[in-house]
Amino acid sequence: MAVTDPIADYLTRIRNAQIAGHRVVTIPASKTKKRMTEILYDQGYILKYKFDDEAGKGKQGEISIALKYNKGTKDPVIRKMIRVSKPGLRQYVKAEALPRVINGLGIAIVSTSKGLMTDKQARAEHIGGEVLCYVY
């Protein structure tokens, strides 16, 4: 089955796994999804991840993500993941107009000319780009 919006599929798989209380979720791999996973790990939203590249066998490869939950309440660390730029309506912003998610407590993942990065990194490097999603 062809997925028309792989980033929305990525976010939905993580969201659904958290609602179901799963510890690990497996997602089909791509370069964009791998970089988004690295950003989520660096920002402390997931425990660990593993890339399983099966490209030699004609397969796409997979990303296994260990989800992170709060210790006392068992609530997921990621409260919301919102897709901003969609295939039908792309959202591009200049460096001066980069969004601040929950007044800086969350992150926006931005696709720039220098690759995927958080809104804070893009603001520091003074580059704009396509706002893919908000995570908080």
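Q: Leaving aside its neighbours within four places in sequence, which residues is Asp 119 in contact with?
A: Asp 119 is in contact (heavy atoms within 4.5 Å) with Leu 98, Pro 99, Arg 100, Val 101, Ile 107, Ala 108 and Val 110. Keep in mind that this is a predicted model, where local features need pLDDT of at least 70, side-chain atom pairs count only at pLDDT 80 or more, and totals for chains, interfaces and linings use all residues. Residues are numbered from 1 along each chain as its sequence is written, and side-chain values use heavy atoms, with hydrogens and water left out.

Q: Is Asp 119 buried or exposed?
A: Asp 119 is buried (under 20% relative accessible area, with a 1.4 Å probe and protein chains only), at a relative accessible area of 2%.

Q: Switching topic: at what angle do α1 and α2 pack?
A: Helix α1 (residues 6-20) and helix α2 (residues 31-42) pack at about 40°, and their axes are 10 Å apart.

Q: Which residues of α1 are buried?
A: Those are Ile 7, Asp 9, Tyr 10, Leu 11, Ile 14, Ala 17 and Gln 18. They pack against α2 and also against the strands β1 (24-28), β3 (62-67), β4 (81-83) and β8 (129-135).

Q: What follows α1?
A: Gly 21 does, and its phi is positive, near 80°.

Technical notes: Axes are lines fitted to C-alpha atoms, for helices over the stretch in contact, and angles run from 0 to 180 degrees between N-to-C directions. Helices (H or I, at least four residues) and strands (E, at least two) are DSSP runs, numbered from the N terminus. Buried means under 20% relative accessible area, exposed over 50%, partly exposed in between (1.4 Å probe, protein chains only).
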